[in-house]
Amino acid sequence: MRPFVLWFMLFIVHPAFAQKTYKFDHLLEYEVTYFKDSLRKNSRIFRETDTTYTKIYLTHSQRNNYRAILTELDSLTFMMDFRDYEGVTFRFKFSKSVFYENQLFKVPCELVRQYQNPFQYQVKNYDFVTLTDTIVGNKSYYRYKLTSIRPKKIKRLKLATQFYIVDKGTVEHMPLLDFPTAYEEWKTAPDLPNGLLFETYITDFYGDLDSRERLSASQTINKQIVINAPCDYSKN
């Protein structure tokens with residue numbers, strides 16, 4: 001979908017129309033790093049240097065079927081990428097001042113699209129595995145990984161593994177799973193611990209660190225995104 005430049009949003013919600021409201025109570029800022037390659041891999045362009053940027057997640061502590069990601073395009077502009085894994089997605093550009101100065105955002109139906117998880121079938125091939133706790137800065141964190149359960153496929157396709165490090169002191173926040181397969185797998189793994197995601201990283205088939213997201217700042221917020229009922233494609 002082509003990004004839409006939205007410099008001004010309608011913040012007045014008309015009571016005559018049924019609507020779907022997405023609430024957000026946390027803003028989580030992560031430093032994202034893609035690490036340089038030590039050898040060439042057929043599946044991607046060779047990375048000659050490390051690349052780092054900032055990614056901002058908007059989340060709701062009690063609902064993890066949806067999230068919004070803000071990426072800074074320049075000093076004045078964000079790109080918002082919203083996804084409800086149960087059926088809704090939209091993406092657009094808007095000014096930072098609009099975001100910081102308002103709590104309620106009305107998204108027009110022409111920007112909203114139906115979302116269908118293209119990796120639904122992968123649930124039967126992956127599983128979460130609980131690992132021993134890890135210590136970071138004298139603090140203990142939960143740790144688990146999402147990995148393929150098909151050893152032959154791992155070897156043949158050179159599959160990567162994603163690791164999660166989770167803050168034990170924030171169990172009121174449901175897991176942040178910014179990957180469709182991870183979310184679908186979570187629905188079948190009720191014992192996965194809650195908590196704010198402190199870090200997630202991916203190691204490739206060769207054991208090299210591929211990428212990492214590490215929490216750098218967090219704050220509580222009160223923001224809402226509203227869409228009209230005709231463009232609510234979600235199941236809930």
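I shall call a residue buried under 20% relative accessible area, exposed over 50%, and partly exposed in between, with a 1.4 Å probe and protein chains only. By that rule Glu-86 is buried, with a relative accessible area of 10%. This is a predicted model, in which local features need pLDDT of at least 70, side-chain atom pairs count only at pLDDT 80 or more, and totals for chains, interfaces and linings use all residues. Residues are numbered from 1 along each chain as its sequence is written, and side-chain values use heavy atoms, leaving out hydrogens and water.

Of the 236 residues, 47% count as buried. The protein has 3 helices and 14 strands; these are DSSP runs, helices being H or I of at least four residues and strands E of at least two, numbered from the N terminus.

Let me turn to the interior. A nonpolar core here is a set of buried Ala, Val, Leu, Ile, Met, Phe, Trp, Tyr and Cys residues joined through side-chain atoms within 4.5 Å. The largest has 25 residues, and those with the most contacts inside it are Phe-24, Leu-58, Met-80, Phe-82, Phe-90 and Ile-225. Contributors of at least two residues each include strand E2 (19-34), helix H1 (96-101) and strand E14 (209-228), while E6 gives the most, with 4 residues. Apart from this core lies another, of 23 residues, among them Tyr-164 and Leu-196.

Now the charged pairs. A salt bridge is a side-chain nitrogen of Lys or Arg within 4 Å of a carboxyl oxygen of Asp or Glu, and the count comes to 11. Which residue does Glu-86 meet in a salt bridge? Its partner is Lys-187, at 3.4 Å, N to O. Glu-86 sits in the loop between E5 and E6, and Lys-187 in the loop between helix H3 (180-186) and strand E13 (197-203), 101 residues apart. Lys-187, at 41% relative accessibility, is partly exposed.

A second pair is Lys-96 with Glu-72, at 2.2 Å, N to O. Lys-96 belongs to helix H1 and Glu-72 to strand E4, 24 residues apart. Lys-96 is buried, at 12% relative accessible area.

Asp-167 and Lys-139 form a third, at 3.2 Å, N to O. Asp-167 is in strand E12 and Lys-139 in strand E11, so this pair ties together parts 28 residues apart in sequence. Finally, salt bridges that share partners join Lys-55, Arg-67, Asp-178 and Glu-213 into one network.
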